[in-house]
Amino acid sequence: ATAFNHALARRGGTVLETVSYDAQGTDFSAAITALLNLDASNRRGRQLRSALKRDIKIEPQRRKDVDVVFIGAFPRAARLIRPQLRFFDAMDVPVIATSHAYGGFANQADQDLNGVQIVDMPWLLHDGREHIINRQELQQLRERASQQPRLYAFGIDAYWLVRHLPFLRQHPAEALEGHTGVLSLDRQGRVHRRLYPASFRSGVIAPVGDASIRRSFGFIPDDDATR
């Protein structure tokens, strides 16, 4: 939460509210009502009833200054949180999450994540690029590839990256389109990985935008104008 706050602030954004939840639970209403200030609206209603000494009907109003809700959650919790946000009148608020919200495989339960936006590696997004290794063939040959697809993608890219390190050192402005994302090398020799934007539609994760948008997504200009 602190890292997200700092990263957003560097880009001119503001975190209005942060709440935690019990990842093992199923009812996140307390956290969500606090996030949307519905609990404060309820308190004002109770105070108004008490002041007027009348049994008036109160309809709590959520805060209206929210541009987006960010969720850090694994699939089970994310699938529960998204519908509960809708229930508490946040249906029109965009929701973004980390790639943890996606289990890596098609799942009927992901219908509850419709509209949620994430970033993830192209290996899992089936973006239509010709991969060095065909993912379906690899799954047939290696059962564990279907159990840990992200780890297999990292293994493939690690092997591939070693072969291209001399090229990336000589051409720091270049990048490689790997299975785990767009890979580049900085002046300190650190590998940077940029993911592709995607969203859930009809219970299926799908890339957002065309290939040029996905390749550039996540690039942050630094002091070197050539980058």
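This is a predicted model: local features need pLDDT of at least 70, side-chain atom pairs count only at pLDDT 80 or more; totals for chains, interfaces and linings use all residues.
A polar contact of 3.3 Å joins the side chains of Ser199 and Arg201.

Ser199 belongs to strand 7, which covers residues 196-201. With a relative accessibility of 9%, Ser199 counts as buried, because the cut-off for buried is under 20%. Setting aside residues up to four places away in sequence, Ser199 touches Val116, Gln117, Val204, Ile205, Ala206 and Val208.

Ser202 sits in the loop between strand 7 and strand 8 (204-207). The phi angle of Ser202 is near 55°, which is a positive value in a residue other than glycine. Asp89 also has a positive phi, near 70°, and is likewise a residue other than glycine. The loop that holds Asp89 runs between helix 4 (75-87) and strand 2 (95-97). Asp89 counts as partly exposed at 43% relative accessibility, whereas Ser202, at 55%, counts as exposed.

Helix 4 also contains Ile81. Is Ile81 buried or exposed? At 7% relative accessibility, Ile81 is buried. Leaving out neighbours within four places in sequence, the contacts of Ile81 are Tyr21, Phe28, Ile32, Ile71 and Ala73.

| Residue | Relative accessibility | Class |
|---|---|---|
| Ser199 | 9% | buried |
| Ile81 | 7% | buried |
| Asp89 | 43% | partly exposed |
| Ser202 | 55% | exposed |

The remaining topic is a sheet. Strands of a sheet pair through backbone hydrogen bonds, in either a parallel or an antiparallel way. Here, three strands form an open sheet in the order 4-5-6, and their pairing is antiparallel. Strand 4 (176-177) and strand 6 (191-194) are the edge strands; each has a single partner strand, so one side of each has no neighbour in the sheet.

How many bridges link strand 5 and strand 6? Strand 5, made up of residues 182-185, pairs with strand 6 in the antiparallel sense over four bridges. Within this region, Leu183 has Arg193 of strand 6 as its bridge partner.

Key:
Residues are numbered from 1 along each chain as its sequence is written. Side-chain values use heavy atoms; hydrogens and water are left out. Helices (H or I, at least four residues) and strands (E, at least two) are DSSP runs, numbered from the N terminus. Buried means under 20% relative accessible area, exposed over 50%, partly exposed in between (1.4 Å probe, protein chains only). A polar contact is a pair of N or O atoms within 3.5 Å; within protein, one must be able to donate a hydrogen and the other to accept it, and residues adjacent in sequence count only if both atoms are side-chain atoms. Contact means heavy atoms within 4.5 Å. Two strands pair if DSSP finds at least two bridges between them.
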